[in-house]
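I opened the model to look up how its chains meet, and I kept these notes as I went.

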Amino acid sequence: MPLLHRLVRQDSAVVPFTIDGVPCNGRAGDTVLTAVLCHVEQLRETEFSGAARAGFCQMGACQDCWVQLAAGERLRACTTELAEGMHIVTQRGLRHG
Amino acid sequence: MAERAPPLIVGAGPAGIRAAATLAAAGLRPVVVDEGHACGGQIYRQPLAQDGRDDRARYGSEAGKAALLHRDFAALGPDVDYRPNTLLWNLRDGTADVLRDGVNHRVGYDGLILATGATDRVLPIPGWTLPGVFTLGGAQIALKAQGCAIGRRVVFAGSGPLLYLVAWQYMKAGVEVAAVLDAAPLSAKLNLLRALPLAPDIVLRGLRMVAALGLAGTRVQLGVSSLRIEGKDKVSRIVYQSGGREHRIACDGVAYGLNLRSETQAADLAGCAFRFDPRDRAHLPLREASGRSSVAGVYLAGDGARIAGADAAEAAGERAALALLEDRGLPHDAARAAALELRLAKIDRLRGALEAAFPFPAHWAAEIADDALLCRCEEISAGEARRAIGDYVLTEMNRLKAITRIGMGRCQGRMCAAAAAELLAVQTQRDIGAVGRLRAQAPIKPIPLDVSLSVDERQHDPAH
Ligand SMILES: Cc1cc2nc3c(=O)[nH]c(=O)nc-3n(C[C@H](O)[C@H](O)[C@H](O)COP(=O)(O)OP(=O)(O)OC[C@H]3O[C@@H](n4cnc5c(N)ncnc54)[C@H](O)[C@@H]3O)c2cc1C
């Protein structure tokens with residue numbers, strides 16, 4: 001189940017990316033946060049307790065929405081525009097390093 | 001004499017835009033940095049891509065102001081050195097470090113206008129870290145900028161004008177608003193009578209929103225307390241107390257916030273003196289009516305200096321720019337400056353009434369559940385903080401930070417410091433103004449560890 005529900009831009013250009021290896025489609029104009037949470041319910045698991053997190057402030061202040069790309073790079077999902085071919089890892093177990 | 005460096009404006013919200021336009025009109029070419037991809041700030045935030053909605057659909061009653069600000073800023077064109085997607089992360093000795101696309105730029109400036117805006121203020125409640133819980137501002141950004149709803153059945157909880165505004169915006173967008181849970185009692189709302197003669201349009205618009213929510217069947221509950229959000233890996237209900245009873249409402253999204261708090265880190269790095277402000281319950285940089293701070297050449301405007309709303313931000317941005325012009329020995333419109341100060345004083349009176357009508361629920365601080373996470377970043381609970389306060393006899397915020405790491409995480413206290421101060425005050429039975437404030441440290445937001453590329457843009461030795 002997705003966490004967010006898209007009300008507009010239903011027909012905007014498709015932007016393909018993956019979540020934990022699964023191919024997904026975002027839409028042009030999506031932030032990474034929007035694109036991921038329109039498919040799944042979490043962005044990451046916390047370092048300490050492993051609790052699920054999915055962002056909070058959506059304006060670059062709380063730093064809750066950092067996600068990791070498969071290549072290791074970390075980015076703040078709410079302020080980063082989705083780009084084609086991003087491989088996003090949301091589960092700790094799937095991350096290397 | 002060497003040419004003087006340009007002024008630097010941090011923030012391109014309503015305050016920064018009006019400041020930039022005023023400086024540009026006087027022939028200066030300010031550098032304007034903003035983390036956002038486009039101008040507008042929080043209230044007039046623009047979407048990443050067009051989405052078929054016009055300004056009216058996006059900004060509602062404020063569409064005219066939004067359009068004007070966006071247009072005026074765009075019209076400045078090359079008269080300003082505008083840098084979107086650019087984070088100011090350090091200020092030292094008249095030099096600013098700004099990061100854009102992974103490259104750091106060292107920018108010399110002569111005159112600094114800080115228009116950094118605000119973020120939601122929160123107190124921790126159990127379950128507030130669950131997926132599906134967002135700040136009121138965050139819920140609004142999802143809708144306004146991304147065209148997404150945070151749930152299919154959403155509860156709005158907390159305090160402040162945004163509580164009703166965002167709930168109403170969701171309702172208008174066709175989302176089921178299950179309830180509006182307001183921390184403030186009915187008695188607080190009587191202060192709206194004070195606000196009415198000051199700004200009848202604003203008060204009546206708010207009342208119409210509440211009426212519309214009620215007509216649509218939304219439960220609007222005043223005086224709630226002991227909020228708790230429950231769910232496994234995701235929100236599934238909210239639980240609260242009201243009228244001596246516990247209530248629960250099923251939902252899949254919660255928007256939560258208790259008014260706003262100023263983003264003051266840059267003012268701190270600039271060396272501004274701070275003082276406790278009882279109305280905002282925060283230490284804020286000292287500011288004259290003109291926008292001058294305690295540091296020569298540093299000016300403060302908008303919600304980043306004190307919460308006053310978007311109209312005040314516009315006026316304060318322009319006023320601060322006029323002060324900068326005057327201090328630089330350039331012609332400036334003194335009559336206009338005086339008129340702006342009058343306008344700001346009037347808005348401040350309105351603000352006082354609104355804050356009283358939508359008060360911060362300070363009494364909640366004593367009831368924060370021990371198992372609620374106080375610090376989201378480092379996962380430190382309220383109970384752990386309370387124990388540390390007792391064990392180490394802590395009375396001051398920076399000591400609390402050193403011992404517990406609260407405020408040391410990635411958000412640098414943006415989400416937890418105000419709450420930690422409330423908790424520390426209650427726990428030590430001191431006034432909230434007496435527990436101190438966290439000092440800001442560069443970088444004021446996380447930057448990549450490997451910023452290797454650096455461009456030095458300073459034309460000459462900085463002034464000091
Ligand atoms: C999420 C949110 C939603 C809101 N919605 C409404 C609303 O619907 N109606 C209403 O009346 N009021 C609303 N408010 C209040 C309103 O936003 C403010 O009163 C108004 O925007 C203040 O204008 P400003 O110019 O002071 O700051 P802002 O509009 O907040 O602009 C500040 C700008 O500074 C930038 N900035 C800050 N720090 C840095 C840095 N270090 N480096 C680079 N850039 C930086 C930010 O990116 C931002 O664009 C909202 C506030 C928030 C936080």
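**Notes on the chain A and chain B interface**

I began with the strands, keeping in mind that this is a predicted model: strand β1 of chain A (residues 5-6) and β10(B) pair in the antiparallel sense, and the pairing runs over two bridges.

I then turned to the extent of the contact, to which chain B gives 46 residues and chain A gives 40 residues. The two chains bury about 3500 Å² between them, and 57% of that area lies on carbon and sulfur atoms.

For the charged pairs, I noted that the rule finds five salt bridges across the interface of chain B and chain A. One that I looked up joins the side chains of Arg376(B) and Asp64(A), with a distance of 3.0 Å from N to O. Counting polar contacts across the interface of chain B and chain A, with both residues at pLDDT 80 or more, the rule gives 17 residue pairs.

Which elements of chain B supply at least two residues each to the side that touches chain A? I listed β8 (118-120), β9 (133-135), α4 (136-146) and β10 (148-149) of chain B. Of the side of chain B that touches chain A, α4(B) provides the largest share, namely six residues. Sorted by class, the side of chain B that touches chain A holds 21 nonpolar residues, eleven polar residues and 14 charged residues.

Key:
Residues numbered from 1 in each chain as written. Chains lettered and ligands numbered in written order. Predicted model: local features only at pLDDT ≥ 70, side-chain atom pairs only at ≥ 80, totals over all residues. Heavy atoms only, no water. Contact = heavy atoms within 4.5 Å. Buried area = accessible area lost by both parts, 1.4 Å probe. Salt bridge = Lys/Arg side-chain N within 4 Å of Asp/Glu carboxyl O. Polar contact = N/O pair within 3.5 Å; in protein donor to acceptor, adjacent residues only side chain to side chain. Helix = DSSP H or I, 4+ residues; strand = E, 2+ residues; numbered from the N terminus. Nonpolar A, V, L, I, M, F, W, Y, C, P; charged D, E, K, R; others polar. Pairing = 2+ DSSP bridges.
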